[in-house]
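The following paragraphs lead the reader through selected features of one protein model. Please keep the sequence and the structure in view while reading.

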Amino acid sequence: MMPADNHTFFAPVTYILTGIPGTEQSHVWIAIPFCLMYITTLCGNSLLLFIILTERSLHEPMYLFASMLAAADLLLSTTAVPKMLAVFWFRAGKISFANCLTQMFFIHVSFIAESAILLAMAFDRYVAICDPLRYTAVLTKSLIGKIGLAIVTRSFCIIFPLIFLVKQLKFCRTNLLPHTYCEHMGVARLACDDVTVNIWYGVAIAILAIGLDAVLIAISYGLILRAVFRLPSKDARLKALRTCGSHVCVILMFYTPAFFSFFAHQFGHIIPGYILILLANLYVLIPPMFNPIVYAVTTKKVLKWVINVCRQCAVGDSC
């Protein structure tokens, strides 16, 4: 970064989110699929939460973790997308520095929490398949509650220093933020201070939190596959693989855009800015939208509940 000696520092009062650079004429049209995806996210995750909370047969570890994921999806998308749509449709990009930090905090906390929830779900599948006789004894509701508390605490402890680092920066550049939401490095790059610490802390989060979670999930599924292929019956093997299918789909949808976006930022000098911001939008839109759809389609108990309600509505009973 440039040395700050010859600049007049200021405390940023407001930022102006400008959307996706180079696509200003298309913002109105870009917002339409984004809005539809957000509505699908709200409806799908709210319905999934409702089903799991009201259907006693779904009060099992796998579904309790799925409800945590749905809650994190709602927090992630609701923190980012409404402001994004306001920027696209009404050019209402003004956001106070305090609100910007708040949005940044909840977006990153939700993202870290989702990664940890996926790891917990991998542990759930590992115990269910590799040690089924002890499944209910190991994954008690008390342990699940403690895991949920640990996930929230871990996410807070990882992201709070990030917010503190941004708050300590001195700004002397423009307050125009070429993004659709307040993202850590997007704000940090507007500072005239050296942001090396911010960069390395962000890399540390990507490697030690997200990357470590991904490695542990991969190890869990390696052990699961080894156990599955040792089963004597083909039907038993297929049943075991089906129970993991929805989770594997969710994992791929979460980590693929996240890692792609991370590595794209490392080569930002050769990738157009609008591509980087579109990638950043992907991981607040795509996983939250598809997660409840995947669980509804691939999980028999959830699918059965939805079909029963639809049938009741079709025959005119109370919905």
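A residue is called buried when its relative accessible area is under 20%, exposed when that area is over 50%, and partly exposed in between. The model discussed here is a predicted one. Within it, C192 has a relative accessible area of 2%, so C192 is buried.

C192 also takes part in a disulfide, its partner being C172, with an S to S distance of 1.6 Å. The torsion about this S-S bond is -85°, and the link of C172 and C192 is left-handed. The two cysteines are 20 residues apart and connect distant parts of the chain: C172 lies in the loop between α5 (141-168) and β3, whereas C192 lies in the loop between α6 and α7 (196-228). C172 counts as buried because its relative accessibility is 17%, which is to be read against the limit of 20%.

Besides the link already described, a disulfide joins C100 to C182, with 2.0 Å from S to S. The torsion about the S-S bond of C100 and C182 is about -120°, and therefore this disulfide is left-handed. Here, too, distant parts of the chain are linked: C100 belongs to helix α3 (residues 97-130), C182 sits in the loop between β3 (176-177) and α6 (184-188), and the two are 82 residues apart. C100 has a relative accessible area of 0% and is therefore buried. C182, at 1% relative accessibility, counts as buried as well.

Two further cysteines may be considered. C249 has its closest cysteine sulfur in C244, and because the distance between the sulfurs is 11 Å, they are too far apart for a bond. With a relative accessible area of 36%, C249 is partly exposed. C157 is likewise partly exposed, its relative accessible area being 48%.

The remaining feature concerns the packing of two helices. The axes of helix α1 (residues 27-54) and helix α9 (residues 273-298) come within 8 Å and cross at roughly 40°. That angle makes α1 oblique to α9, because angles under 35 degrees count as roughly parallel and those from 65 to 115 as roughly perpendicular. The crossing of α1 and α9 is left-handed. On the α1 side, the residues in contact are F34, M37, T40, T41, G44, N45 and L48; they meet L278, N281, L285, I286, P288, M289, P292, I293 and Y295 of α9. Sorted by class, the contact of α1 with α9 has 11 nonpolar, 5 polar and no charged residues.

How values were computed. Residues are numbered from 1 along each chain as its sequence is written. This is a predicted model: local features need pLDDT of at least 70, side-chain atom pairs count only at pLDDT 80 or more; totals for chains, interfaces and linings use all residues. Side-chain values use heavy atoms; hydrogens and water are left out. Axes are lines fitted to C-alpha atoms, for helices over the stretch in contact, and angles run from 0 to 180 degrees between N-to-C directions. Helices (H or I, at least four residues) and strands (E, at least two) are DSSP runs, numbered from the N terminus. Angles under 35 degrees count as roughly parallel, over 145 as roughly antiparallel, 65 to 115 as roughly perpendicular and the rest as oblique. A crossing is left-handed if the near helix is turned anticlockwise from the far one by less than a right angle, and right-handed if clockwise. Contact means heavy atoms within 4.5 Å. Ala, Val, Leu, Ile, Met, Phe, Trp, Tyr, Cys and Pro count as nonpolar, Asp, Glu, Lys and Arg as charged, and the others, Gly among them, as polar. A disulfide is a pair of cysteine sulfur atoms within 2.5 Å. Buried means under 20% relative accessible area, exposed over 50%, partly exposed in between (1.4 Å probe, protein chains only).
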